[in-house]
Amino acid sequence: MIVYASRTGNVQSLVDSLGLEAKNISEADGIGEDYILFTYTDGAGDIPYEVDDFLAKNSSHLKGVVASGDYAYGDDNFCASGDKIAEMYGVPCLYKVENSGTDEDIAKLLDILK
Ligand SMILES: Cc1cc2nc3c(=O)[nH]c(=O)nc-3n(C[C@H](O)[C@H](O)[C@H](O)COP(=O)(O)O)c2cc1C
């Protein structure tokens with residue numbers, strides 16, 4: 001199961017391209033099964049507020065994180081939300097992708113998620 005947060009559509013588009021079972025974070029409160037979180041990056045390498053709030057209540061089934069970002073925010077901030085979530089919750093940051101990703105990113109992600 002994928003749980004995803006998307007503000008402007010990039011993560012939504014990436015998740016749609018994978019063709020796997022997925023729930024928007026706004027509909028996933030109380031999730032009782034293992035999931036991989038897909039999130040965008042906000043601020044300067046920050047975890048989005050909606051993701052922080054969700055994880056505070058729903059981290060017990062979190063198995064890994066995939067982060068989307070943009071190199072325009074600097075190398076240190078690129079997809080740093082993924083690193084922060086990985087550290088806070090002791091799960092792997094499985095992949096970092098720029099915006100909605102390329103065909104190559106999608107193929108690699110499908111491989112990882114298998
Ligand atoms: C206000 C704002 C701040 C951002 N800060 C970062 C950042 O620090 N690091 C990063 O890698 N990307 C950053 N981004 C880029 C987004 O995380 C990236 O475009 C992502 O694909 C957006 O996903 P979404 O369209 O699903 O919301 C930022 C974007 C916005 C609008």
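**The ligand shell and the fold**

Modeller: This is a predicted model, and by class the shell around the ligand has seven nonpolar, twelve polar and three charged residues.

Biologist: Which element supplies the largest share of the shell around the ligand?

Modeller: The ligand is surrounded by 22 residues, with Ser 6, Asn 10, Val 11, Tyr 40 and Gly 69 the closest. At least two residues of this shell come from each of helix H1 (10-18) and strand S4 (62-69). The largest share, three residues, comes from H1.

Biologist: Which residues touch the most other members of the largest nonpolar core?

Modeller: In general, nonpolar side chains in soluble globular proteins tend to be buried together. The largest nonpolar core here has 26 residues, and those that touch the most other members are Tyr 4, Val 11, Ile 25, Leu 37, Phe 38 and Val 66. Elements that each supply at least two residues of this core include strand S1 (2-4), strand S3 (35-39) and helix H2 (49-58). For one of the residues asked for, Leu 37, the contacts beyond its neighbours within four places in sequence are Val 3, Leu 62, Val 65 and Ile 85.

Biologist: What is the radius of gyration of the protein chain?

Modeller: The protein chain has four helices and five strands, running β-α-β-β-α-β-α-β-α from the N terminus. For 114 residues the globule rule gives 13 Å, and the chain comes close to that value, so it is as compact as a globular protein of that length, with a radius of gyration of 13 Å.

How values were computed:
Residues are numbered from 1 along each chain as its sequence is written. This is a predicted model: local features need pLDDT of at least 70, side-chain atom pairs count only at pLDDT 80 or more; totals for chains, interfaces and linings use all residues. A residue is near a molecule or strand if its C-beta atom, placed from the backbone, lies within 6 Å of it. Ala, Val, Leu, Ile, Met, Phe, Trp, Tyr, Cys and Pro count as nonpolar, Asp, Glu, Lys and Arg as charged, and the others, Gly among them, as polar. A nonpolar core is a set of buried Ala, Val, Leu, Ile, Met, Phe, Trp, Tyr and Cys residues joined through C-beta atoms within 7 Å. A residue is buried if 20 or more other C-beta atoms lie within 10 Å of its own, exposed if 12 or fewer, and partly exposed in between; C-beta atoms are placed from the backbone. Two residues are in contact if their C-beta atoms, placed from the backbone, lie within 7 Å. The radius of gyration is taken over C-alpha atoms; the globule rule is 2.2 Å times the number of residues to the power 0.38.
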